[in-house]
Amino acid sequence: MNLNAIISSLSVDDYTRFTTYLHKKNRRTDVKNVQLFKLIYANELSSEAIFRTIYPTGKRDAYHALRKRLYDSLIDFLAALNLEEENSEKIAVIKYILVARSFLQQQEFASGFKLLHKATLIAKEYQLYPYLNEIYHLRIQFAHENKKENLEKLILEFNKNRALASLEEELNIVYAKIRAIVYQINIKGEVIDFQKIVLKILHEQQITINDTLSFKSLYQLLTIASISAFVSNDYLQVESFMLEMYTLLKEHPNKEKGRFYHLHVLYMIANTLFRTKQFEKSMRFLKLMDHEILKNKRKYEGVFRLKYELLYTFNLNYMNQQDEAIERLELLLKKKHNDTIGVLDLHLSLVVCYFQKEAIKASYRLLTKLYHTDKWYIEKMGKEWVIKKNLVEILLLVELDNFDVFENRLSRFKRQYGSYLKEIGQERVLTFLKYVNLFYDNPKEATSQHFFHNIENAFEWIGAKQEDIFVMSFYAWLKSKMVKKPIFEVTLSLIAQAQEL
């Protein structure tokens, strides 16, 4: 993360506190670090303009040195802040353990055991398994000096905690391995039997799911389920599991301390409910997410706000509040954001909203602003995002009747992604494009019974309830040509049919 990104992630309160921190740290009144910090935070000038403002005579080496000093100060400030806010329980436990060990070694047993008792209560409450191991180790080591200690019971508690600590470590390994697999699938485009590998990894690490898991571990399990749904494009299969897991999470004693993980969980569930076309339920979880973002003085605003906005506008759109969704997206994209991935997601979403509204020229004009190569977008956004972008462009070219560019884009798409789509079992994308091409060649044929019949037999239908909402949206364009109705009207009709099942 660079200096600008770190500064932009600060809350208003952190901004004030850091400014005060810099003033106290500065020995001279003419130092420029506060000025640089305020200019970057305002996010109104380019890097070059900021440089010229601070050093009108052009001292570039001095400017880089100033940025480096500001970065170092910011890291020191954030380290102290996080130590103060996030780890107070851990620090208390560590202090109690260290002092208790010293007391016990000096044969101050009453004071030592009293501190270990306090440390045990805190470590249990916040599921600090590694620290509990150390506490139990000391309690067992000096059990002969404590008449109140039941050694057998203590050993049982120690073994139980050791198993929980091991489970958390193993789950962390599973999470890391699965994240690595997703990178291979999404970025490198490798074809992998994801579900088979996940089951194999869970078996290898001997993971058992129960309500004694830590907040972080429960979050990681939900993430694994969410990734599984993403890769298989089947969110319906994980929906009930995720909602059941959330019943454990929302009552978890570490929910407040685990706000970062909690926000991720709320987003994953809201996204799953959106993908299964349960928009009102999705909105309820988004409301909870917004409530959590606003806590801790908006500490996680920069990380989660655009994710929230993307899903919120998706829901608005498919709840037949398209104009409101478009207005919201337009306002968001007028502002500067350091979340490149979030901005690109919003940008493509607005392209799609315009397209569904049949504001074709506006949609295509906005799409052309995504001027980087597919390779660049794959590295930033993943292959699935790039495929969607290309599909939208091909349909827009049909609407604009730009035959030469259409032919070029269609041919390039098949060449670049045809083999990949076949390998991952998504041949239906190529089948869809075949019928797009047939429609473009002969629009009148699209309304014939023959065309209807061929469409029915061409795709392997998995059921409207299970079908992915984005896949359904693409098909709605083709069906709109077949029934001669507006794209968005047909889209909402298909979704309504799925919701009734």
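Tutor: A residue counts as exposed when its relative accessible area is over 50%. Please keep in mind that this is a predicted model.

Student: Noted. Is Lys484 buried or exposed?
Tutor: Lys484 has a relative accessible area of 69%, which is over 50%, and therefore Lys484 is exposed.

Student: Where does Lys484 lie?
Tutor: Lys484 is in the loop between α24 and α25. Its phi is positive, about 55 degrees, although Lys484 is not a glycine.

Student: Which other residue has a positive phi without being a glycine?
Tutor: Gln107, with a phi of about 65 degrees. Gln107 belongs to the loop between α6 (88-105) and α7 (109-125), and Gln107 is exposed at a relative accessible area of 59%.

Student: Which residues make the contact?
Tutor: From α24, the contributors include Ile469, Met472, Tyr475, Trp477 and Val483. From α25, they include Ile487, Val490, Leu494 and Ala498. By class, the contact of α24 with α25 has 11 nonpolar residues, three polar and one charged.

Student: What is the C-alpha separation of Ala498 and Lys465?
Tutor: Their C-alpha atoms are 4.7 Å apart, although the two residues are 33 residues apart along the chain. Lys465 sits in the loop between α23 (449-458) and α24, and Lys465 is partly exposed at 37% relative accessible area.

Student: And how does α22 pack with α24?
Tutor: Helix α22 (residues 427-441) meets α24 at an angle of about 20 degrees, with the axes 11 Å apart. The two helices are therefore roughly parallel to each other, and their crossing is left-handed.

Student: What side chains are involved there?
Tutor: On α22 the contact is made by Arg428, Phe432, Tyr435, Val436 and Phe439. On α24 it is made by Val471, Phe474, Tyr475, Trp477, Leu478 and Lys481. The contact of α22 with α24 divides into nine nonpolar, no polar and two charged residues.

Student: Changing topic: which residues touch the most other members of the largest nonpolar core?
Tutor: Met289, Phe413, Phe432 and Trp477 do, in a core of 106 residues. The largest share of this core, 10 residues, comes from α20.

Student: What does Phe432 contact, leaving aside its neighbours within four places in sequence?
Tutor: Phe432 is in contact with Leu395, Phe459, Phe474, Tyr475, Trp477 and Leu478.

Student: How many residues does the second, separate core have?
Tutor: That second core has 21 residues, among them Leu22, Ile40, Ile50 and Leu74.

Terms used. Residues numbered from 1 in each chain as written. Predicted model: local features only at pLDDT ≥ 70, side-chain atom pairs only at ≥ 80, totals over all residues. Heavy atoms only, no water. Contact = heavy atoms within 4.5 Å. Helix = DSSP H or I, 4+ residues; strand = E, 2+ residues; numbered from the N terminus. Nonpolar A, V, L, I, M, F, W, Y, C, P; charged D, E, K, R; others polar. Buried < 20%, exposed > 50% of the residue type's maximum accessible area, 1.4 Å probe, protein only. Axes fitted to C-alpha atoms, helices over the stretch in contact; angles between N-to-C directions. Parallel < 35°, antiparallel > 145°, perpendicular 65-115°, else oblique. Left-handed = near helix turned anticlockwise from the far one by under 90°. Core = buried A, V, L, I, M, F, W, Y, C linked by side-chain atoms within 4.5 Å.
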